[in-house]
Amino acid sequence: MKAMILAAGRGERLRPLTDLTPKPLLRAGGKALIVWHLERLAAAGWHDVVINHAHLGQQIEAKLGNGSSFGLSIMYSREPVGALETAGGIAAALPLLGSQPFLAVNGDIWCDWDFARARHVAQARDQRRAHLVLVTNPRHHSGGDFRLAGDIVLSAGETTSDTATYAGIGVFWPEFFAAVPAGAVMKLRPLLDEGIARRIITGERHSGRWVDVGTPERLADLDRELA
């Protein structure tokens with residue numbers, strides 16, 4: 001099973017830190033954010049990792065190389081300036097990801113969800129084509145994104161009660177992105193909404209630590225916590 005780390009975002013909310021440094025290489029607790037992911041993937045038994053990049057992507061390749069220093073094999077999906085958004089970026093990387101379900105992780109989060117669980121999810125023989133990790137709504141996103149009915153993901157609808165936030169971690173089947181044209185710029189949310197309507201998306205709540213490192217203040221808080 002392969003993993004993909006989404007690392008192509010510009011990081012506008014983290015400027016000026018991201019003017020000279022790509023967002024996944026910002027440091028917290030003495031390590032680049034993306035290095036936390038790579039080390040945890042290796043510890044969970046992963047070998048093959050795909051990383052997409054756009055803004056200052058050459059720095060990411062120079063820092064991580066072929067992944068051998070982490071016990072991994074890293075391949076890169078290079079995107080044009082401005083990037084392709086999440087769905088477009090994943091669709092562009094499908095030739096590297098292969099035909100089996102894969103784990104996708106946002107490069108600008110810190111989370112202690114057990115990556116090994118992704119293999120269990122990928123073994124499902126049902127109608128699901130995506131599985132999302134959801135977390136308690138943070139203060140900056142109090143309305144949440146979705147609800148769970150058992151393990152079926154539903155839209156938040158008009159309610160703000162019992163909603164949860166997408167953690168930026170999911171297991172996806174390649175066919176989930178089959179309708180995305182090659183090279184298209186496309187966000188993930190439209191695909192998720194369509195999948196919810198078709199009831200092909202499952203999910204689970206993660207009660208551990210999760211941080212969306214979206215601002216310099218949250219990065220500084222995480223740095224202090226991990227240090």
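The charged end of Arg-40 sits over the ring of Phe-115, at 4.4 Å from the ring centre. This contact belongs to a predicted model. Phe-115 also takes part in an aromatic pair. The structure holds seven such pairs. Trp-113 and Phe-115 are both buried. Elsewhere, Phe-102, Phe-172, Phe-176 and Phe-177 make up one aromatic cluster. A further arginine lies against a ring: the charged end of Arg-119 sits over Trp-46, 4.1 Å from the centre of the ring.

The helices were examined for burial. In helix H2, which spans residues 33-43, the buried residues are Leu-33, Ile-34, Val-35, Trp-36, His-37, Leu-38 and Leu-41. Gly-45 follows H2 and has a positive phi, near 95 degrees. Helix H3 covers residues 57-64, and Gly-57, Ile-60 and Leu-64 are buried there. These three residues lie on the same side of H3, because the arc they cover around the axis is only 50 degrees. An α-helix has 3.6 residues a turn, so residues three or four places apart point the same way. Gln-58 and Ala-62 are exposed, on the face of H3 turned away from its buried side.

Strand S4 (residues 48-53) contains Val-49. The relative accessible area of Val-49 is 0%, so Val-49 counts as buried. Val-49 and Val-105 are separated by 56 residues in sequence and by 11 Å in space, C-alpha to C-alpha.

The largest pocket has a volume of about 1,100 Å³. It is lined by 42 residues, and Lys-23, Glu-85, Thr-86, Asn-106 and Asp-108 are the closest to its centre. Helix H4 (85-97), strand S11 (165-172), helix H6 (189-198) and strand S13 (210-212) each give two or more residues to this lining. S11 gives the most, with four residues. By class, the lining of the largest pocket divides into 18 nonpolar, 13 polar and eleven charged residues.

The second largest pocket has a volume of about 310 Å³. Of its 15 lining residues, Pro-138, His-140, Arg-209, Val-211 and Arg-218 are the closest to the centre. Two or more residues come from each of S13 and helix H7 (216-226). The lining of the second largest pocket has five nonpolar, five polar and five charged residues.

Some backbone geometry stands out. Most residues other than glycine have a negative phi, and most peptide bonds are trans. Arg-15 and Pro-16, however, are joined by a cis peptide bond, with omega about 10 degrees. Pro-16 is in the loop between strand S1 (3-6) and helix H1 (17-20).

Ala-83 is not a glycine, yet its phi is positive, near 65 degrees. Ala-83 lies in the loop between strand S5 (73-78) and H4. Its relative accessibility is 14%, and buried means under 20%, so Ala-83 counts as buried. Glu-85 likewise has a positive phi, of about 65 degrees, although it is not a glycine. Glu-85 is placed in helix H4. With a relative accessible area of 37%, Glu-85 is partly exposed. Glu-85 is also among the residues closest to the centre of the largest pocket.

Definitions and conventions:
Residues numbered from 1 in each chain as written. Predicted model: local features only at pLDDT ≥ 70, side-chain atom pairs only at ≥ 80, totals over all residues. Heavy atoms only, no water. Phe/Tyr/Trp six-rings, centres within 6.5 Å; stacked < 30°, edge-to-face > 60°. Buried < 20%, exposed > 50% of the residue type's maximum accessible area, 1.4 Å probe, protein only. Lys NZ or Arg CZ within 6 Å of the ring centre and 35° of its normal. 1 Å grid on protein atoms, 1.4 Å probe; cavity = no way out; pocket = protein on both sides within 12 Å on 5 of 7 lines; lining within 4 Å. Points joined across faces, edges and corners; volume = space filled by probe spheres on them. Nonpolar A, V, L, I, M, F, W, Y, C, P; charged D, E, K, R; others polar. Arc of directions from axis to C-beta.
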